[in-house]
Amino acid sequence: MENYLASSSRYDSMSYRRCGRSGLLLPAISLGLWHNFGSVDVYNNFSRIAFRAFDRGVTHFDLANNYGPIPGSAEENFGRILRDGLGAYRDELVISTKAGYDMWPGPYGNWGSRKYLMASLDQSLRRMGLEYVDIFYSHRPDPETPIEETMGALADIVRQGKALYVGISNYNPEQTERALEVLRRTGTPCLIHQVRYSMFERKMAESLLPLLDREGVGMIAFSPLAQGVLTDKYLNGIPENSRAAKTTGHLRREQVTPERVAAARTLNEIAARRGQTLAEMALAWLLKDRRVTSVIIGASSVAQLDDNLNALQNTSFAVEELAEIEAILQQAQPKA
Ligand SMILES: NC(=O)c1ccc[n+]([C@@H]2O[C@H](COP(=O)([O-])OP(=O)(O)OC[C@H]3O[C@@H](n4cnc5c(N)ncnc54)[C@H](OP(=O)(O)O)[C@@H]3O)[C@@H](O)[C@H]2O)c1
């Protein structure tokens, strides 16, 4: 689609949450471009997903240098989406990218050195055709690089005007505490922490939430649908064309465990009682906690995106429902 024009009703139904104690509001549901936006995917499909998302108030698009495949292609494709019309709304968009995983050969294309972060963001900006991103993340902690160097690079990137805010991702509570302290000293406080969080994977997020809340840092949940396992997709086996079936997907068949499928079936019944799909209920269950600023979903079709956005119609749970869900989640935990 060329010359996209946004819907005039785009702000009618989305809710926006304050990111920690910052000035920035994020949509309760954000769109991630880790899968479905690469060079192996179809432009007409994923551009429609992005346009539809913005039409429904999704102002936040999450990328990283390595998203694809091939690495870098999601940013290139997002650049094309911006050129095809979304970019006209640049001041209504919060675009994030990250560096931290393996991106180019040699010693300077990975982890958390100043050398890597600075060069990687320049490449990301070129691929997307942007002058700045809204949020730049250290994608993972680097055990070999002093935290002062990694955080110092983030703060300098903001000073250079190439990012407005900074964030961290995949840092455990101890690493988070140190990163927040170092960033505070630079005068560029950490805006947000991006954490894996779903009904099936709760441990890290639950250990971080009290700390982030106390420090006034936002929390954004990734893979909130456990890459699709918390939808009705895998209730009766692994369908063709699903992330678990594709060779380019990061969901391995063995992650679709019998315990999780059994739990998803029972959760699906509770969702139906609530008048929701399982995907909607899984997102609502995360969003019931006001400390969660946003959940970043992935979608391989407009229909999935629409389903997920409908989660916002009901994010409250009765105490009995929560207890029933908790019992199911306990059962689904991998046996130690
Ligand atoms: N910071 C990090 O280290 C990190 C790591 C991972 C992800 N992330 C971010 O989080 C974003 C989301 O991650 P994710 O893609 O794993 O999220 P997810 O929402 O848990 O999974 C998305 C996948 O689930 C399936 N799906 C989504 N909605 C559905 C629905 N309503 N019904 C049926 N199936 C549905 C689709 O897979 P099919 O292809 O099978 O249809 C879709 O691609 C990423 O794009 C990225 O921005 C960050």
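Helices (H or I, at least four residues) and strands (E, at least two) are taken here as DSSP runs, numbered from the N terminus. Residues are counted from 1 along each chain as its sequence is written. The model is a predicted one, so local features need pLDDT of at least 70 and side-chain atom pairs count only at pLDDT 80 or more, while totals for chains, interfaces and linings use all residues.

A residue is near a molecule if its C-beta atom, placed from the backbone, lies within 6 Å of it. There are 30 residues around the ligand, and G32, W34, F222, G228 and G298 come nearest. Strand 10 and helix 9 are the elements that give two or more residues to this shell. Helix 9 provides the largest share, three residues. By class, the shell has 10 nonpolar, 16 polar and four charged residues; Ala, Val, Leu, Ile, Met, Phe, Trp, Tyr, Cys and Pro count as nonpolar, Asp, Glu, Lys and Arg as charged, and the others, Gly among them, as polar.

Helix 8 (residues 278-287) is mostly covered, with 10 of its 10 residues buried (20 or more other C-beta atoms within 10 Å of a residue's own; 12 or fewer would be exposed, and in between partly exposed). W285, E280 and M281 are among these buried residues.

Two helix pairs are worth a look together. Axes are lines fitted to C-alpha atoms over the stretch in contact, and angles run from 0 to 180 degrees between N-to-C directions.

| Pair | Angle | Axes |
|---|---|---|
| Helix 3 (114-128) and helix 4 (147-159) | about 30° | 9 Å apart |
| Helix 5 (173-186) and helix 6 (203-215) | roughly 15° | within 10 Å |

Helix 5 is therefore roughly parallel to helix 6 (angles under 35 degrees; over 145 is roughly antiparallel, 65 to 115 roughly perpendicular and the rest oblique). P173, T176, E177 and L180 of helix 5 make the contact with S207, L208, L211 and E215 of helix 6. These residues divide into four nonpolar, two polar and two charged.

In the other pair, R114, L117, M118 and L121 of helix 3 meet E149, G152, A153 and I157 of helix 4. That contact has five nonpolar, one polar and two charged residues.

Note on methods: Two residues are in contact if their C-beta atoms, placed from the backbone, lie within 7 Å.
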